[in-house]
Amino acid sequence: MHQHFPLLIVGNWKMNPATVTQARKLFQAIVERMPLHLQRVLTVIAPPFPFLADLRSLNTKDTLSLAAQGVYFEALGAHTGEVSATMVKSVSAKYVIIGHSEQRAKGLSDEEVAKDIQAALAQGLTAIVCVGELMRDAGGNYFGVVEGQLRAAVAGLTAKDTARVVIAYEPVWAIGTGNTATAAEVHEMKLFIQKVLADVLGRERATAMRIVYGGSTNKKNAKELLEVGLVDGFLIGGASLRAAEFVTIVRIAETYAKGIAKTR
Ligand code: PGA
C-alpha cells in the first residue's frame, strides 16, 4: 500500500541537451504543459550543472523543483571538476541525485555516496539515492548487491534525515535499454528495500521513506509500475527529454494517486 505522501516524479536529463538554448526550450516546453495545481505529485527536473541557475528563472509557475545530478561532499577547496551541495543550493536546487549507476561505473564508491548524502542533507537538500544491480542472476545474488549499497548509504542517517532521503531503485540493465523491470519484479524489490531499511532504521522511519523506480520508464508502463509495482514515483531519463511524454507520466501519476486517495 502507498503512504500518504505525494508521489515524486524526477526527470534526469543526464548530459543533455547540448546547449543552454536547447535546455531553455525543453524546460519551457515542460513548464507550458505542466498542470498548474497538482495535488498528489511533486515534480523535479535535474539538468546538467551549467543550466541550473538559468532554468530557475524560467520556472515562472513554480510547478517544478530543480535537482542537481550529484554533489561532492567537501565544502570548498582544491577539488577540480567538483561541485558542492552549498553551490547547487545557492542556484535553487532542492534535490540532488546521489550514487547514480553511471557515476558508480566511473568509480563512485559506497563510502563517497554516504558522504555525499550527508553533505546534501546538511544543506537541507533532499537526496535521491540510487541503488541497483548490474544484472540479475538465477540465484538471486542481486538482492545482496542492492542490500550492500543500501546499508552503506543509510547507515549514518538520523531520524530527521529520513524524511529527506528518497531511494531510487534503478536496475542498471533496465536503464536506457527499453527493458523495464516488470511491475512484479519492481514490487518485490520495493518490499525488499523496505525490509532492509526497516532493519537499519526501524520500521516507522523505513515506511516514511519514498522508494521510486528508474529504468526505461515511459508513458506506456508508468501506470502498471504504480499500480502493481507500488512505487512512490519515478526517476526518468530518456522520457524526461520529451516534454509531452514527461508531462503525460506526471498526469498518469496524479490520476493514479488521486484514485487511491479516494479509496481511503
Ligand atoms: P532511463 O534512465 O529512463 O533512460 O532508463 C533512468 C535513469 O538512469 O535515471
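This is a predicted model: local features need pLDDT of at least 70, side-chain atom pairs count only at pLDDT 80 or more; totals for chains, interfaces and linings use all residues.
1. Barrel. Eight strands form a closed barrel. The order is E1-E2-E3-E4-E5-E6-E7-E8, and the pairing is parallel. From one strand to the next, the twist averages 25 degrees.

2. E2 and E3. A pair to look at in detail is E2 with E3. Strand E2 covers residues 41-46, and strand E3 covers residues 65-68. They pair in the parallel sense over two bridges. Val 44 has Ser 65 in E3 as its bridge partner. As a general point, strands of a sheet pair through backbone hydrogen bonds, either parallel or antiparallel.

3. Helices on the sheet. Helix H2, residues 49-56, lies across E3 and strand E4 (93-98). H2 runs at about 165 degrees to E3. Helix H10, residues 243-262, also packs on the sheet. H10 touches strand E1 (7-12), E2 and strand E8 (233-236). The direction of H10 makes about 170 degrees with that of E1.

4. Ligand shell. There are 13 residues around the ligand. Lys 14, His 100, Glu 170, Gly 176 and Ser 216 come nearest. By class, the shell divides into four nonpolar, seven polar and two charged residues.

5. Which parts of Glu 170, Gly 176 and Gly 237 face ligand oxygen atoms, side chain or backbone? For Glu 170, the side chain: one of its N or O atoms is 2.7 Å from an oxygen atom of the ligand. For Gly 176, the backbone: an N or O atom there lies 2.6 Å from a ligand oxygen. Gly 237 also uses the backbone, with a polar atom 2.9 Å from an oxygen atom of the ligand. On its own, the ligand has 280 Å² of accessible area, and the protein covers 95% of that.

6. Cis peptide. Asn 16 and Pro 17 are joined by a cis peptide bond. Omega is about -15 degrees. Pro 17 sits in the loop between E1 and helix H1 (20-33).

7. Positive phi. Ser 92 is not a glycine, yet its phi is positive, at about 80 degrees. Ser 92 belongs to the loop between helix H3 (85-90) and E4.

Definitions and conventions
Residues are numbered from 1 along each chain as its sequence is written. Side-chain values use heavy atoms; hydrogens and water are left out. Two strands pair if DSSP finds at least two bridges between them. Helices (H or I, at least four residues) and strands (E, at least two) are DSSP runs, numbered from the N terminus. Axes are lines fitted to C-alpha atoms, for helices over the stretch in contact, and angles run from 0 to 180 degrees between N-to-C directions. Contact means heavy atoms within 4.5 Å. A residue is near a molecule or strand if one of its heavy atoms lies within 4 Å of it. A polar contact is a pair of N or O atoms within 3.5 Å; within protein, one must be able to donate a hydrogen and the other to accept it, and residues adjacent in sequence count only if both atoms are side-chain atoms. Accessible areas come from the Shrake-Rupley method with a 1.4 Å probe; for residues, only the protein chains shown count as cover. Ala, Val, Leu, Ile, Met, Phe, Trp, Tyr, Cys and Pro count as nonpolar, Asp, Glu, Lys and Arg as charged, and the others, Gly among them, as polar.
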